[in-house]
Amino acid sequence: MTAPGMGGRRPAAWRLTGIGLLAIGVAVALYVAGRLLQPDYAFSMFGSDPVPAKSLLASIVLALAGVQVLLALWMYRKLPLAPGAPRPVPIVHRVIGFALFALTVPVAVHCLIAYGVQLTSLRVAIHSVTGCFFYGAFAAKVLLVHSRRLPGWALPLAGGTLAIVIGALWYTSALWYYDGYQLPAF
């Protein structure tokens, strides 16, 4: 016999565990595929020098991620001095989220086919592993959005994690390019 109010916690914990395991599975599958694929350095979806186009797309994705965070904060009434979000804000949040994801796909396909998952330097290793983690985290976020009766912290944690991961990907790629193929020192 369970205590009153405890019946809903166990199924939520199982759902969270399942979603977490799926996210890990997606990330690990991408990592393994990227390690097994033979890199094709001649492949390019972005012309002879793919880095500028990929850096531009990564910068757009970073900006959209910032907008997503602001929209989510607005929807959950966490912005100071801002009233509740009007009805179109959740729709705009979803549309931007779809666009954000769609913009990452050509970059990820290019990276996976041209380079695979490489661990040749700290920057490249962080970028490769974080790229795999992004798609696992995205899968988790989509499932969390469509799941009911989960703890209130789960969806903001997933969304915040995605924003941080996008920042790390941008830092290890686009900023590296914009700063003359080196990471800026702190």
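Residues are numbered from 1 along each chain as its sequence is written, and side-chain values use heavy atoms, leaving out hydrogens and water. Because the model is predicted, local features need pLDDT of at least 70 and side-chain atom pairs count only at pLDDT 80 or more, while totals for chains, interfaces and linings use all residues.

A pocket is found on a 1 Å grid over the protein atoms alone: it is an open set of points where a 1.4 Å probe fits, with protein on both sides within 12 Å along at least five of seven lines, and its lining residues have an atom within 4 Å of a point. A volume is the space filled by probe spheres set on the points, which are joined across faces, edges and corners.

| Pocket | Volume | Nearest the centre |
|---|---|---|
| Largest | about 980 Å³ | Gln68, His93, Lys141, Val145 and Leu155 |

The largest pocket is lined by 35 residues. Helices H2 (50-75), H3 (88-114), H4 (122-145) and H5 (154-178) each give two or more residues to this lining, and H5 has the largest share, eight residues. Helices here are DSSP runs (H or I, at least four residues), numbered from the N terminus.

Leu56 lies in helix H2. Its relative accessibility is 49%, so Leu56 counts as partly exposed (between 20% and 50%, with a 1.4 Å probe and protein chains only). Leu56 and Tyr178 are 122 residues apart in sequence, and their C-alpha atoms are 9.8 Å apart in space.
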